[in-house]
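Please view the sequence and the structure together before reading the points below.

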Amino acid sequence: NEISHLAIESKALLDSYRGLLIEDPIPTKAITAAVLAVAGDAIAQTQEERYDAKRAFAFGVFAAIYTGAYQHFWFSWLDSHVNDFYHQFTQSPEEPFTPLLLGLASATKVGTNQMMIGAAYMPFFFAITGALSGLTVDQSVNRAKGLYIPIFVRNCTFWMPVQFIQFYAIDPEWQITYLCLAGLVWNAILSTLAGDSSKQ
């Protein structure tokens, strides 16, 4: 029947995507991040009088570079180092974490990632989106001064529970895809808060 056919087609599509994640992880994650970032911005732009393609491009490029490419390497490094630390409390490095140790490791990764966000993500966001929107350095700095704290607070509120689930329950292969899907909501929030550079 139609439902069974749809389920088969969906599984085949998912399997193809999983294959791309294995064979070409960085381009696959970068394109996924860009597409969903533009979609999130489009949701936010439904409140605007006209669609701003330059703004959508800026959000797409930022997501491809940061979420898709950079975080691929960052989360690999973070998983490796934090897991190595907590494996000293297990019988061997191959032994699975207990729920308690997994929770502690996940919380450590979330905390470390949030510190990195304050130091790297926020300045990078304002630099890239400002440059692609045609802002001068001074205009980008002034924009950051007005929006840094509101966006950082909203970032922590939204992403800390999302990323705890990521580290606690999501297979590393699928973590960026999971974040991209969560990012569809986040990019709508971010675009609403910081979207129109011309108003900064």
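Accessible areas come from the Shrake-Rupley method with a 1.4 Å probe, and for residues only the protein chains shown count as cover. On this basis the chain exposes about 11000 Å², of which carbon and sulfur atoms supply 67%. The model is a predicted one, in which local features need pLDDT of at least 70 and side-chain atom pairs count only at pLDDT 80 or more, while totals for chains, interfaces and linings use all residues. Residues are numbered from 1 along each chain as its sequence is written, and side-chain values use heavy atoms, with hydrogens and water left out.

**Overall architecture**

- The chain contains six helices and zero strands; helices (H or I, at least four residues) and strands (E, at least two) are DSSP runs, numbered from the N terminus.
- In sequence order, the pattern is α-α-α-α-α-α.
- The C-alpha trace spans about 55 × 50 × 25 Å along its principal axes.
- Of the 200 residues in the chain, 42% are buried, where buried means under 20% relative accessible area, exposed over 50%, and partly exposed in between (1.4 Å probe, protein chains only).
- Among contacts (heavy atoms within 4.5 Å) with a separation of 6 or more, 73% join residues 24 or more positions apart.

**The largest nonpolar core**

- A nonpolar core is a set of buried Ala, Val, Leu, Ile, Met, Phe, Trp, Tyr and Cys residues joined through side-chain atoms within 4.5 Å.
- The largest such core has 36 residues, and Tyr 121 and Ile 151 touch the most other members.
- Two or more residues of this core come from each of helix 2 (25-45), helix 3 (53-86), helix 4 (99-132), helix 5 (137-169) and helix 6 (175-194).
- Helix 4 gives the largest share of this core, ten residues.

**Packing of helices**

- Helix 2 and helix 3 pack at about 145 degrees with their axes 7 Å apart; axes are lines fitted to C-alpha atoms, for helices over the stretch in contact, and angles run from 0 to 180 degrees between N-to-C directions.
- The residues in this contact include Ala 30, Ala 33 and Ala 37 of helix 2 and Phe 59, Gly 60 and Ala 63 of helix 3.
- The contact of helix 2 with helix 3 comprises 14 nonpolar, five polar and three charged residues; Ala, Val, Leu, Ile, Met, Phe, Trp, Tyr, Cys and Pro count as nonpolar, Asp, Glu, Lys and Arg as charged, and the others, Gly among them, as polar.
- Helix 3 and helix 5 have axes that come within 12 Å and cross at roughly 60 degrees.
- Phe 75, Leu 78 and Asp 79 of helix 3 meet Gln 163, Gln 166 and Phe 167 of helix 5, giving three nonpolar, two polar and one charged residues.

**Individual residues**

- Phe 89 lies in the loop between helix 3 and helix 4, and Phe 89 counts as exposed because its relative accessible area is 51%.
- Phe 89 and Leu 101 are twelve residues apart in sequence, and their C-alpha atoms are 8.3 Å apart in space.
- His 81 belongs to helix 3 and is partly exposed, at 42% relative accessibility.
- Val 162, in helix 5, is buried because its relative accessible area is 14%.
- Val 162 touches Tyr 178, Leu 179 and Ala 182, not counting residues up to four places away in sequence.
- The C-alpha atoms of Val 162 and Leu 179 are separated by 8.0 Å, with the two residues 17 apart along the chain.
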